[in-house]
Structures are given as C-alpha cells and as structure tokens.
Amino acid sequence: MSKIYKLMGADRKIYESETPGQYGGNKKLKIYGRLDCPSALSAIRRFPGSYEKSRVFFADEKIALAAGFRPCGRCLREKYKQYKADPEKYKSQFGIE
C-alpha cells in the first residue's frame, strides 16, 4: 500500500495524492516555499505542534499561486523579488490571470 499525502488544490481544498507535494506553505500567511526552507524548519522547531496546524503542501508552484499564495522571501528569494515587482506578470508565466 502506498503512502497518501494531503495536498491543497488551486481551489484551496485538501485532496489526497500518492505523489508528495513539491512545495510547503503556511495557510495563515499565504506563503509557499521549498520543503527544506530554513524559515519553515525553524518555525517548526520553535513552535512544535503549533506551526504544523498551518502547514499545507502543493503539488507544484502553479497550484500554490492559483490558491492565492506567494513565494517565500527566504528560500525562493529570486521568485519572491519577481513576484513582488509585478504579481500579475509573475502569475501569468503559469497561465494564471
């Protein structure tokens, strides 16, 4: 039996997948980043059990953006800069209006 992962879709609903997510996010802050993001890992260590309640996972960057999340300023610094400069232009690269 394969492991089942809970991922957030573009509609912000959680669904089950046999494929793990490529990005992790914080649903309160509406930020997504790499799974090894130093900021997220630090928050998990500092607030055990608390941070995980806000943690969500995405299959890919397009879905994270479509769900209304933005790139992390720490682990996705260049993407964050591009997004902040022009969010609509950044999202349009992924076919998101």
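In the predicted model, asparagine 26 touches Ile31, Tyr51, Ser54, Val56 and Phe69, when residues up to four places away in sequence are not counted. Asparagine 26 belongs to strand β3, which covers residues 23-26. With a relative accessibility of 7%, asparagine 26 counts as buried, because the limit for a buried residue is a relative accessible area under 20%. The side chains of β3 are divided between two directions: Tyr23 and Gly25 point one way, whereas Gly24 and Asn26 point the other way. All of these residues are buried.

Strand β3 forms part of an open sheet of four strands, arranged in the order β5-β3-β4-β6 with mixed pairing. The edges of this sheet are formed by β5 (55-58) and β6 (70-71), each of which pairs on one side only. In general, the strands of a sheet pair through backbone hydrogen bonds, in either a parallel or an antiparallel manner. On one side, β3 is joined to β5 by four bridges, and the two strands run antiparallel. Within β5, phenylalanine 58 is the bridge partner of tyrosine 23.

Strands β3 and β4 also run antiparallel and are joined by four bridges. Two of the residues already described take part in this pairing. Tyrosine 23 stands opposite arginine 34 of β4, and asparagine 26 has isoleucine 31 of β4 as its bridge partner. Isoleucine 31 is also among the residues that asparagine 26 touches. The hairpin of β3 and β4 has four residues between the strands, and in this hairpin lysine 30 takes a positive phi near 60°.

The pairing of β4 (residues 31-34) with β6 is parallel and extends over two bridges. Here, isoleucine 31 has arginine 70 of β6 as its bridge partner.

The loop between β6 and α3 (77-85) contains cysteine 75. The relative accessibility of cysteine 75 is 10%, and this residue therefore counts as buried. Apart from neighbours within four places in sequence, cysteine 75 is in contact with Gly33, Arg34, Cys37 and Pro38. Cysteine 75 and alanine 40 are 35 residues apart in sequence, while their C-alpha atoms are 9.4 Å apart in space.

Attention turns next to charged side chains. Side chains of opposite charge can pair when their charged atoms come close. A search of the whole structure identifies four salt bridges. One of the salt bridges links aspartate 36 with arginine 34, the closest N and O atoms being 2.7 Å apart. Aspartate 36 has a relative accessibility of 45% and counts as partly exposed. Arginine 34, at 35% relative accessibility, also counts as partly exposed. Arginine 34 additionally stands opposite tyrosine 23 in the pairing of the strands and is one of the residues in contact with cysteine 75.

A salt bridge is also formed between lysine 79 and glutamate 61, with the closest N and O atoms 2.8 Å apart. Because lysine 79 lies in helix α3 and glutamate 61 in helix α2 (residues 61-66), this pair ties together parts that are 18 residues apart in sequence. The two partners fall into separate accessibility classes: lysine 79, at 28% relative accessibility, counts as partly exposed, whereas glutamate 61, at 6%, counts as buried.

Lysine 81 has a relative accessible area of 43% and is partly exposed.

Key:
Residues are numbered from 1 along each chain as its sequence is written. This is a predicted model: local features need pLDDT of at least 70, side-chain atom pairs count only at pLDDT 80 or more; totals for chains, interfaces and linings use all residues. Side-chain values use heavy atoms; hydrogens and water are left out. Buried means under 20% relative accessible area, exposed over 50%, partly exposed in between (1.4 Å probe, protein chains only). Contact means heavy atoms within 4.5 Å. Two strands pair if DSSP finds at least two bridges between them. A salt bridge is a side-chain nitrogen of Lys or Arg within 4 Å of a carboxyl oxygen of Asp or Glu.
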